[in-house]
Amino acid sequence: MMDTLVRLRASLRKNGWWRTLTLIPRNILFQLTDFDRKHGTNTGFQAEDDAGLPREHEGYEGAPPRLFHRIIRSLDIAPEHYAFIDLGSGKGKALLLAAHHPFRRIIGVEYNPRLDAIAAENARIYRHPERRMHAIETIRDDAGAFDLPPGDLLIYLFNPFKAAIMERVLANLERALQAEPLDVLIVYQNPTQRRLLDQAPFLERIAYREYRTKRFRKMPIGRVAIYRNRR
Ligand SMILES: C[S@@+](CC[C@H](N)C(=O)[O-])C[C@H]1O[C@@H](n2cnc3c(N)ncnc32)[C@H](O)[C@@H]1O
């Protein structure tokens, strides 16, 4: 309450009465829908999240919940057959959302130790009536060096890194596919390096979609490329 009053006074000083009044509905909507406010988690972007970011890495941004669930539902798979692996899992937002689906395992791999520690804490405190999976494994590692676990995989990539690391990830995946017969699905959101996946002879692209908001003038909210291994 105090917090709200302080912010109201600051807005009145900065924006005046009229502008403050027009901002109130937007602020109420934000407070009601903000993920971290609702769940007590820490998944939002803070400037220090990208401090010392290596050149081949992309910065932190948490997965958008509605879009994430739309994408997972569109796959039309039995989640219990797949281990969900988020390469570049940041503060674990996609892992929390994946826990609404009954995957065989949920694993996040994050290079930045600070973000990885926050992800582990978020996994501990996240309570949502639709959370079905309690076990979320968070691993501090370079995605390009990570040994994929056995069994069928759903690999989730939310624009985590540039070409050099993507090449190492694809080389690891190709080795894993040679070692055992696997079903692999790759969901690549904001797929800036999709040329590399399009060219990988062991993958086939099964969809490329642009998602838009259902309301609010159908604004673009994300692009997703989906791949599976050739059998
Ligand atoms: C756009 S964020 C996505 C976060 C998370 N996947 C989600 O959807 O909520 C990309 C993350 O990839 C991480 N990352 C970048 N390069 C990496 C690497 N080589 N190994 C592991 N993580 C990496 C970044 O630190 C960042 O947290």
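A polar contact here is a pair of N or O atoms within 3.5 Å; within protein, one must be able to donate a hydrogen and the other to accept it, and residues adjacent in sequence count only if both atoms are side-chain atoms. You are looking at a predicted model, where local features need pLDDT of at least 70, side-chain atom pairs count only at pLDDT 80 or more, and totals for chains, interfaces and linings use all residues. Residues are numbered from 1 along each chain as its sequence is written, and side-chain values use heavy atoms, with hydrogens and water left out.

Start with alanine 143: one of its backbone N or O atoms lies 2.8 Å from a nitrogen atom of the ligand. The protein buries 98% of the 600 Å² that the ligand exposes when taken alone (Shrake-Rupley areas, 1.4 Å probe).

Next, select tyrosine 111, where a polar backbone atom is 3.2 Å from a ligand nitrogen. Then pick alanine 63, with a polar backbone atom 3.0 Å from a ligand oxygen.

Now show the 25 residues around the ligand (a heavy atom within 4 Å); Asp86, Gly88, Glu110, Asp142 and Ala143 come nearest.
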